[in-house]
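Hello,

The structure is below, followed by notes on what was found in it. Please read the notes with the coordinates open.

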Amino acid sequence: SAIEKLKEMQSANGGFVWFKGGPDNRYMTQYIVTGIGHLKNLNAIPVNEQIAIKSILDKAIPYLDKRLKEDYDDLIKSKADLNKNNLSAIAIQYLYMHSFFPEYAIAKETQSAYNFFREQSKKYWLTQSKYMQGMIALALNRTNETATARAIIKSLKENSINNDELGMYWKDWDRKGYWWYQAPIESQSLMIEAFSEIEKDEKTIGDLKTWLLKNKQTNNWRTTKATADACYALLLQGTNWLAEEKNVVIKL
């Protein structure tokens, strides 16, 4: 039922819309394809739904390839200095999204754009928000650029706050912003994914999960988007906290 609803929201050109009948939206398309990547990463796509999911990806990924090429073409047309920082959050989101699907080759006409933005991410990652740095680290690590990915993780760790009660987090999360890449729950969830995949230290992963759960105790995960990302992060590597059972004793 959910997959059928999803298919109804996909335009003929492969992009997804915010609301039925609306224009296709690049951010939303990348978000949905990334969500499918999360399900794939958790082996959570049922066998009988894989063909339906593939039909969605077969249209969405080429659409996103074209949109990345448009970004690069616009830079060429405007005679931008390609040696300077031209890295956008939407391009970083693309690199992260595509890293879940190595079986989908980058479209030939998009290869130059992909190479350009990938090199930009290697060169200018330090200028990005912590959320974007985590996405870059994962995208590079999955495409055999492990040295830069590890450098990013090292930098993130050095800039983190560690607290016995609250776990491990970043002061940036206190500065909540309007934009999607300034969301603290999604950012922390992404950090869990990055550290799980690149550093693989169970204590660090546990400390990162602690902040996420402590945040839930005192606040709420304000959106379905934040909640989905948090659940994904908690189901990744590390100790399986869902399997822990605590005996409750009630005395009257």
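Lys54 and Asp58 are joined by a salt bridge between their side chains, at 2.9 Å from N to O. This is a predicted model, so the distance is that of the prediction. Both residues belong to helix α3 (residues 50-77), where they sit four residues apart, about one turn of the helix. Lys54 is partly exposed, with a relative accessible area of 45%, and Asp58 is also partly exposed, at 34%.

About one helical turn separates Glu70 from Arg67, because they are three residues apart in the helix. Glu70 has a relative accessible area of 41%, which makes it partly exposed; Arg67, at 23%, counts as partly exposed too. With a cut-off for buried of under 20%, Arg67 at 23% is therefore not buried. The pair is also part of a network of salt bridges that links Asp24, Arg67 and Glu70.

The next salt bridge is between Glu199 and Lys157, with the closest N and O atoms 2.8 Å apart. Glu199 lies in the loop between α8 and α9 and Lys157 in helix α7, so this pair ties together parts that are 42 residues apart in sequence. Glu199 is partly exposed at 26% relative accessible area, and Lys157 is partly exposed at 33%. In total, 17 salt bridges were counted.

Both partners of that bridge also touch Thr204. Leaving aside neighbours within four places in sequence, Thr204 is in contact with Lys157, Met168, Phe195 and Glu199. Thr204 is part of helix α9 (residues 202-218). Its relative accessible area is 4%, so Thr204 is buried.

On to helix α6 (residues 130-141). It has twelve residues and spans 16 Å from its first C-alpha to its last, close to the 16 Å expected at 1.5 Å a residue. How many of the residues of α6 are buried? Twelve of its twelve are, so the helix is mostly covered because each of them falls under the 20% cut-off. The buried residues include Lys130, Gln133 and Asn141, as well as Met132, Ile136 and Leu140. They pack against α4 (89-98), α5 (111-124), α7 (146-158), α8 (184-198) and α10 (224-234).

Helix α10 has buried residues of its own: Lys225, Ala226, Asp229, Ala230, Tyr232, Ala233 and Leu234. The buried residues of α10 pack against α2, α6, α8 and α9.

Last, the second largest pocket. It holds about 640 Å³ of space. Its lining has 29 residues, and those closest to its centre are Tyr31, Ile32, Gly35, Ile36 and Leu39. Elements that give two or more residues to this lining are α1 (2-8), α2 (26-41), α4, α6, α8 and α10. Which of them gives the most? That is α2, with eight residues. By residue type, the lining of this pocket divides into 19 nonpolar, five polar and five charged.

Regards

Definitions and conventions: Residues are numbered from 1 along each chain as its sequence is written. This is a predicted model: local features need pLDDT of at least 70, side-chain atom pairs count only at pLDDT 80 or more; totals for chains, interfaces and linings use all residues. Side-chain values use heavy atoms; hydrogens and water are left out. The expected span of a helix is 1.5 Å times one less than its number of residues. Buried means under 20% relative accessible area, exposed over 50%, partly exposed in between (1.4 Å probe, protein chains only). Contact means heavy atoms within 4.5 Å. On a 1 Å grid over the protein atoms alone, a cavity is a set of points where a 1.4 Å probe fits but cannot get out, and a pocket is an open set with protein on both sides within 12 Å along at least five of seven lines; lining residues have an atom within 4 Å of a point. Grid points are joined across faces, edges and corners, and a volume is the space filled by probe spheres set on the points. Ala, Val, Leu, Ile, Met, Phe, Trp, Tyr, Cys and Pro count as nonpolar, Asp, Glu, Lys and Arg as charged, and the others, Gly among them, as polar. A salt bridge is a side-chain nitrogen of Lys or Arg within 4 Å of a carboxyl oxygen of Asp or Glu.
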